[in-house]
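Biologist: Hi! Could you walk me through this model when you have a minute?
Modeller: Happy to, let me bring it up.
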Amino acid sequence: MWAELLPVGRDSGSGGYRRFAWTGADQDCRAWFRAQAEARGLAYEVDRNGNQWAWLGDPEAGDAVVTGSHLDSVPDGGAFDGPLGVVSSFAALDELRRRGAEITRPLAITNFGDEEGARFGLACVGSRLTAGLLSKEQAFALRDADGVSLPQAMEAAGHDPGAIGADPERLARIGAFVELHVEQGRALDLSGDRVGIASAIWPHGRWRYDFHGEANHAGTTRLVDRRDPMLAYAETVLAARREAELAGAVATFGKISVEPNGVNAIPSLVRGWLDARAADEVALDQVIDGVRKAAGEYAERHGIDLAVTRESYTPVVEFEHALRDELARILGRATPVLGTGAGHDAGILSGAVPTAMLFVRNPTGVSHSPAESAEEDDCVAGVLALADVLEGLACRR
Ligand SMILES: [Zn+2]
């Protein structure tokens, strides 16, 4: 499976992946998913929000066990974030069949669309729409950097955007959703375990900071006469780091746009996006309030107009304890249970269906980078763990 998937959307310069929602690379990933489903005799379908499903057994029967992840990527992402969960799902099904397991509940493998939000700026669009956490109107307002709207992009890729929206009937069919994912940190590496069970996803969000100043000549404008938004922005980046350290959280300005973006021009606008996450909402609020207050002071000092917009917010997600305990029982009580600062479709769906996650060791912890990695033995351990979980949940014992 990897041999076919690895070349898709890979940038030859960076070695990273650029599989953005509804682009050609994404379409190629989707074609791969469909081929994998059909090769196994699974019933293939695309739901109204563009998520792919491969079914074994009757979807209408209800109480289905669903596993899967996503195939899209961040800009220059790694090979494992997302695809490891999808590949492992198909491999785990192969393992169940090899074991001769009698699968008694409907079983589905999924690829949730637009998980990373790399193109339209909002993560987990496919699962958010399905769960009713993103309305059709909100989704229709999303635009990429070239001004292409989400419905236009869907249409260009052959998906009818007219029917997107909440899909409670589909969710009602699901009895349990289990997402396997490469760990995006080093907890398993430090504990010496190949596979772990997720406890919770940290609350997290994205905030847009618009620093409006005054464009002018970089050579002829005296320093005292400037209203340079880059200065207030730069100080705000440092404040984010400081506030995160104080709260035991993480905060990152990883994306910026500058107008007019000329080497010899003082900017008129610096727009930066703050991504912040913490183990609990009190700590996250502390970081967000602290950065906002500091940015206001810097803006005032430099004569800058500041506007801050919350673009997304996901509260803390505690995975359902009953399902988590079931996974621990199946995999053994010694299996580590860990939290994560990364958002996932499983977190989005957890409000509607019992969800759980498995993490596979990442020896460096690096993710969202071409350097993201996982050892083959650990990936195999992940497949076997997922097969054990699916056997425990979906098969007659
Ligand atoms: Zn992911």
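Modeller: One term before we start: helices here are DSSP runs of H or I with at least four residues, and strands are runs of E with at least two. Also, this is a predicted model.
Biologist: Good to know. How many helices and strands are there in the protein?
Modeller: The protein has 13 helices and 15 strands. Its radius of gyration is 22 Å, close to the 21 Å from the globule rule for 397 residues, so it is as compact as a globular protein of that length.
Biologist: And what box do the C-alpha atoms fill?
Modeller: Roughly 80 × 45 × 40 Å along the principal axes.
Biologist: What share of the residues counts as buried?
Modeller: That would be 46% of the 397.
Biologist: Let's switch to Gly 68. Where is it?
Modeller: Gly 68 sits in strand β3, which covers residues 64–69.
Biologist: Is Gly 68 buried or exposed, and why?
Modeller: Buried, because 27 other C-beta atoms lie within 10 Å, and the cut-off for buried is 20 or more.
Biologist: Which residues is it in contact with, leaving aside neighbours within four places in sequence?
Modeller: Gly 85, Val 86, Ser 89, Ile 109, Thr 110, Asn 111 and Glu 179.
Biologist: What about helix α3, how far does it reach?
Modeller: Helix α3 runs over residues 83–99 and reaches 24 Å from first to last C-alpha, close to the 24 Å expected. Its buried residues include Gly 85, Val 86 and Ser 89, and those three are among the contacts of Gly 68.
Biologist: Nice link! What comes just after α3?
Modeller: Gly 100, with a positive phi of about 70°.

Definitions and conventions:
Residues are numbered from 1 along each chain as its sequence is written. This is a predicted model: local features need pLDDT of at least 70, side-chain atom pairs count only at pLDDT 80 or more; totals for chains, interfaces and linings use all residues. A residue is buried if 20 or more other C-beta atoms lie within 10 Å of its own, exposed if 12 or fewer, and partly exposed in between; C-beta atoms are placed from the backbone. Two residues are in contact if their C-beta atoms, placed from the backbone, lie within 7 Å. The radius of gyration is taken over C-alpha atoms; the globule rule is 2.2 Å times the number of residues to the power 0.38. The expected span of a helix is 1.5 Å times one less than its number of residues.
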